[in-house]
Amino acid sequence: MQLKDRSAIVTGAASGIGREIALRFAREGARVAIADLNAAAAEAVAAEIRARGGEAVGVAMDVCSEDAVNAGVNATVAAFGGVDILVSNAGIQIVHPLEEFSYADWKRMLAIHLDGAFLTTRACLPHMYRSGRGGSVIYMGSVHSKEASKLKAPYVTAKHGLLGLAKVVAKEGAPHGVRANVICPGFVRTPLVDRQIPEQARALGISEEDVVAKVMLKDTVDGQFTTVEDVADVALFFAAFPNNALTGQSLVVSHGWFME
Ligand code: NAD
């Protein structure tokens with residue numbers, strides 16, 4: 001029970017990586033708000049946690065909306081009495097060659113990944129500062145926080161940007177015991193990745209099997225996908241770490257695709 005009596009908000013927790021982190025945190029004793037654009041799916045994950053004896057609420061939240069983020073964080077604080085852990089995880093992927101990227105798609109990508117991280121952090125920090133217990137802010141970066149791939153200009157740009165945001169939050173949060181770190185996963189088989197495989201195959205003119213073997217997993221040490229459980233393990237480590245010794249950092253979990 002590493003997170004007993006802690007309250008957490010996980011954005012994008014109705015699916016994939018966020019869902020697994022929410023389930024893991026709940027198993028470790030945390031009260032968890034499942035914040036997602038898809039309110040019905042968020043409530044279903046919360047119900048799953050409650051059915052297993054945990055404490056969870058579903059929160060409808062578009063992380064790009066200032067009002068929705070503030071309302072969702074306030075609802076979480078009303079339900080749980082505070083918020084100790086934020087996992088800013090909601091994200092999407094759009095792939096195009098740069099010269100074909102619409103400005104609207106570029107802005108949408110930066111809004112979800114960067115505005116979402118800013119808005120949720122800004123809404124949670126005052127509660128963490130006030131509690132006197134400190135807190136943990138975790139951003140879902142990517143190997144694309146460190147490394148580039150073709151077709152992913154706004155994603156790579158935004159994921160690199162999260163490293164900067166985490167470092168600022170680490171410095172500003174330190175006097176209040178608030179830490180900020182970034183998880184940088186390699187490819188994880190979630191709906192976000194499953195949608196990319198046919199898209200990349202079309203864009204690169206290769207088969208779907210070759211997208212997996214020769215693009216996604218080509219540089220891993222063992223040709224394996226990272227799993228949602230692997231990422232949840234790292235999230236729990238960052239969430240439960242007790243002091244400012246571990247802050248402003250990023251950790252790559254990618255089967256060696258990227259080595260620092
Ligand atoms: P997913 O598609 O399974 O889940 C993403 C969730 O985010 C969905 O439930 C979706 O409804 C929600 N969401 C999308 N836009 C939102 C918004 N504006 N407001 C609130 N919620 C919103 O994807 P996933 O693979 O679990 O990705 C989660 C995070 O992990 C993303 O930030 C992604 O960039 C990152 N990531 C994924 C991989 C991977 O290979 N899957 C690798 C590295 C990083």
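Begin by selecting I17: a polar backbone atom of this residue is 2.8 Å from an oxygen atom of the ligand, a polar contact, that is, a pair of N or O atoms within 3.5 Å. The model is predicted, with local features requiring pLDDT of at least 70 and side-chain atom pairs pLDDT 80 or more, while totals for chains, interfaces and linings use all residues. Residues are numbered from 1 along each chain as its sequence is written, and side-chain values use heavy atoms, without hydrogens and water.

Select D36 next. An N or O atom in its side chain is 2.6 Å from an oxygen atom of the ligand. At M61, a backbone N or O atom lies 3.4 Å from a nitrogen atom of the ligand.

Now display helix α1 (residues 16-27) and helix α8 (residues 228-240), whose axes come within 9 Å and cross at roughly 55°. Helices are DSSP runs (H or I, at least four residues), numbered from the N terminus. Axes are lines fitted to C-alpha atoms over the stretch in contact, and angles run from 0 to 180 degrees between N-to-C directions. Contact means heavy atoms within 4.5 Å. The residues of α1 in this contact include I17 and F25, and those of α8 include V231 and L236.

Finally, select helix α4 (residues 103-131) and helix α5 (residues 153-173), which pack at an angle of about 15° with their axes 9 Å apart. Therefore α4 is roughly parallel to α5, a description for angles under 35 degrees. Among the contact residues are W106 and F118 of α4 and Y155 and L162 of α5.

Key. Helix = DSSP H or I, 4+ residues; strand = E, 2+ residues; numbered from the N terminus. Polar contact = N/O pair within 3.5 Å; in protein donor to acceptor, adjacent residues only side chain to side chain. Parallel < 35°, antiparallel > 145°, perpendicular 65-115°, else oblique.
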